[in-house]
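Please look through the structure below with its charged side chains in mind. The paragraphs that follow go from one pair of residues to the next.

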Amino acid sequence: MIALTFDDGPSEYTDRILNVLLEYDARATFCVIGNKVNLFPDVLKRTVAGGNEIACHTWSHPNLTNLSAAKVRAQIENTNNAVKEITGYQVKVLRPPYGKHNKTVRSICAEMDIVIAHWELDTRDWSSRNTNSVYNAIMKGVKNGYIILCHDLYETTAAAVEKAIPELIAKGYQLVTVSELLSFHKDGAAPGKVYNRVDPENIVTGK
Ligand code: ZN
């Protein structure tokens, strides 16, 4: 089981990723930026309709550790409200920009019943902007229980996952959302806690 995650969208390339997920009956998590969601309402609706997860990547992508508690809360609440208004979907996961969080961020998430999703494998797609590099990063780095970081901002990332998803499935991986992955954690998912993977020995299925 793995959780592909796509940050910084929605964008004009999100649809391509949704298409390949749909074709292979797979799911992923889209960590959206609040101030972009009203530019792509149909993409957002399609994301939810495909059984994918929408996570909060804040309203305007600040480093949350530099903000007051009130501003952190607004970054999360405004995004989640915008997502809910368009799709009816209740966001349950935060992906903090730059992976940066502190005690304030974690305790606000705990209060808001939100888990924090970090990543175990960074495809560095934002840096390489190269289809083969992103594809190789996924295929060489993937392990059971991993959360994998990509960005649905680049054509090269869309092309890489179009190639990787069928092969991951052929290798026996189930492509699930972050919340689905964490739902198989033997201790469950704790709001306010940070997850970058679920170790196979902690995965309990059929409970
Ligand atoms: Zn980001």
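Is Lys-186 buried, partly exposed or exposed? Lys-186 is partly exposed, with a relative accessible area of 45%, where buried means under 20% relative accessible area, exposed over 50% and partly exposed in between, for a 1.4 Å probe and protein chains only. Its salt-bridge partner is Asp-187, with the closest N and O atoms 3.6 Å apart, and Asp-187 counts as exposed at 59%.

This is a predicted model, in which local features need pLDDT of at least 70 and side-chain atom pairs count only at pLDDT 80 or more, while totals for chains, interfaces and linings use all residues. Residues are numbered from 1 along each chain as its sequence is written, and side-chain values use heavy atoms, with hydrogens and water left out.

The whole structure holds 9 salt bridges, each defined as a side-chain nitrogen of Lys or Arg within 4 Å of a carboxyl oxygen of Asp or Glu. One of them joins Arg-73 to Glu-111 at 2.5 Å, N to O; because Arg-73 lies in helix α4 (residues 69–87) and Glu-111 in helix α5 (residues 103–112), the pair ties together parts that are 38 residues apart in sequence. Helices here are DSSP runs of H or I with at least four residues, and strands are runs of E with at least two, numbered from the N terminus. Arg-73 is partly exposed at 26%, whereas Glu-111 is exposed at 56%.

Another salt bridge, at 2.9 Å from N to O, connects Arg-197 with Glu-120. Arg-197 sits in the segment after β8 (194–195) and Glu-120 in the loop between β5 (115–117) and β6 (121–122), 77 residues apart.
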